[in-house]
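Please read the following paragraphs with the sequence and the structure side by side, finding each residue as it is named.

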Amino acid sequence: MKYIFTIYFIVLMFPCFGQPGPIKIFRYFDDFSYLQQSDSLERNWYEKLKFIPLHGQSNISFGGEVREMYQYFDNQNFGDIPPFFETDSEGFLWHRAMVHSNLRFNKRWRLFTQLNSTYTLFKRNPLTPEIDENRLSLHQAFVRVDLTNEGDFIQAGRQEFGKGTQLIIGMREGPNTRLTFDAFLIGSERQKRNIYAFIATPVISMQGVFDDKWIDELIWTFYVVNKLGKDNLDVYYFGFHGSERVYNEIQSTEDRQTIGLRYWRESKGLNYSLESNYQFGNFNTQNISAYNISFEGDKAISDAIGIGMQLNYISGDQDPNDKRLNTYNLLYSKPQFGLAAPIGSTNLINLKPFIILFPFKKFRATLSNYWIWRQSDVDGVYTPAAVQIRPSILNDSDAKFLGNQSTLELFYALNTNFQFFLDYALFQPGAYVKNTGKGETLNYFSFKTSFKF
């Protein structure tokens with residue numbers, strides 16, 4: 001009985017091999033409008049899933065995905081075995097299946113729903129439901145109403161988010177179970193400016209069937225994208241309230257405000273993003289003062305080669321005994337260093353040069369190296385879930401260098417629907433990791449294939 005829902009998903013998806021069309025990472029942005037342009041257009045039977053006329057102006061479409069991902073870690077936590085864990089080296093399989101429907105009542109009203117099923121197989125260590133396994137859940141279910149013909153809308157219900165570079169809020173595509181929110185969003189998307197405002201609470205993924213829950217956390221925003229020809233300027237504010245986060249081994253109520261700017265371009269030959277934000281507010285009896293400065297850019301040298309650079313400078317706490325908290329809250333950020341290293345975007349300095357190769361059509365290889373330091377030597381290291389893991393009370397160090405991670409990423413797109421990924425990472429720990437634990441070299445390997453229709 002354990003795999004009944006997974007088998008059901010696979011049966012639904014298997015016959016849809018080769019489905020053409022623009023498929024997006026946020027599936028509610030999929031655009032198959034070409035199917036409506038002509039009644040005489042010859043459609044394959046699977047294309048009929050994308051536009052099924054109902055009554056009057058109403059229609060419905062269906063889609064989904066299956067993702068299989070094998071991962072192997074050697075010294076996942078640099079040789080230190082956390083409590084209740086059996087091993088620091090293991091291989092396991094992540095399985096994800098999702099199906100969705102998009103019901104359009106008319107030109108202004110639509111209902112988007114999505115089911116999610118994720119399983120973890122062959123893992124010896126304890127599962128983390130928010131990452132590893134959620135056997136069946138209502139992942140998204142929202143109503144969107146287009147208020148005008150000029151791009152003004154409201155969107156209410158359970159939904160994914162991914163604003164800007166997803167350094168503050170994102171759906172976290174890498175882990176097995178994606179992040180979603182219960183939210184109310186109002187937006188305006190015009191020729192020269194997009195404006196968004198929402199209030200949301202994260203949905204905490206649980207392991208069972210339709211048993212997800214909520215915690216005492218709330219996030220709200222006012223986000224503006226100004227279109228300046230080839231370039232763009234984002235201006236944003238995020239507010240956050242919660243009582244789950246822990247800093248300097250203290251858990252308390254947190255009210256944090258984030259204001260920021262992002263200047264960016266996305267084009268065929270040149271991409272860049274320069275972003276800076278500042279956080280203020282209150283935690284326990286402390287005033288918050290934290291910041292994040294980040295840059296990422298890449299440039300095509302030829303049709304076959306591109307080069308790039310990523311920089312991050314993210315504040316950590318300067319003095320645990322004063323009345324000011326300088327630890328940056330990464331909120332709901334995507335994992336900054338992929339799935340290999342258990343390090344989140346808090347209290348760190350990062351330098352990452354990379355090279356992108358396109359040796360033949362539909363294939364991409366990326367070679368990169370991260371050098372990572374602590375920004376403050378009196379603050380620790382945090383996971384991508386903002387949990388402090390180093391140092392322990394009995395094991396501290398004033399060293400700053402965490403280490404360097406060398407990464408190889410291979411990608412091949414068979415067609416619009418089938419994609420293959422292979423990643424390898426080698427993390428060589430620095431003085432801080434060695435001083436606060438065993439400091440063993442981390443090896444990571446993963447192979448992933450995904451099918452979407």
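Arginine 245 is buried because its relative accessible area is 8%, where buried means under 20% relative accessible area, exposed over 50%, and partly exposed in between, with a 1.4 Å probe and protein chains only. The model is a predicted one, in which local features need pLDDT of at least 70 and side-chain atom pairs count only at pLDDT 80 or more, while totals for chains, interfaces and linings use all residues. Residues are numbered from 1 along each chain as its sequence is written, and side-chain values use heavy atoms, with hydrogens and water left out.

The side chain of arginine 245 meets that of glutamate 217 in a salt bridge with an N to O distance of 3.0 Å, a salt bridge being a side-chain nitrogen of Lys or Arg within 4 Å of a carboxyl oxygen of Asp or Glu. Because glutamate 217 lies in strand 10 (residues 217–228) and arginine 245 in the loop between strand 11 (231–242) and strand 12 (246–247), the pair ties together parts that are 28 residues apart in sequence. Strands here are DSSP runs of E with at least two residues, numbered from the N terminus. Glutamate 217, at 5% relative accessibility, also counts as buried.

By this rule the count comes to 17 salt bridges. One of them joins glutamate 133 to arginine 135 at 3.0 Å, N to O; here glutamate 133 is buried, with a relative accessible area of 1%, whereas arginine 135 is partly exposed, at 26%.

Which residues are linked in a network of salt bridges? They are Glu65, Arg67, Arg96, Glu160, Glu173 and Arg178. Glutamate 173 lies in the loop between strand 6 (152–159) and strand 7 (181–189), and its side chain makes a polar contact with the side chain of arginine 178 at 2.8 Å. A polar contact is a pair of N or O atoms within 3.5 Å; within protein, one must be able to donate a hydrogen and the other to accept it, and residues adjacent in sequence count only if both atoms are side-chain atoms.

Strand 6 also takes part in pairing, which requires that DSSP finds at least two bridges between two strands. Strand 5 and strand 6 run antiparallel and are joined by 6 bridges, with alanine 141 standing opposite arginine 158 in strand 6. These two strands form a hairpin with 5 residues between them, and glycine 151 in the turn has a positive phi of about 105°. Strand 4 (residues 109–121) pairs with strand 5 (residues 134–146), likewise in the antiparallel sense, over 9 bridges.

Note on methods:
Helix = DSSP H or I, 4+ residues; strand = E, 2+ residues; numbered from the N terminus.
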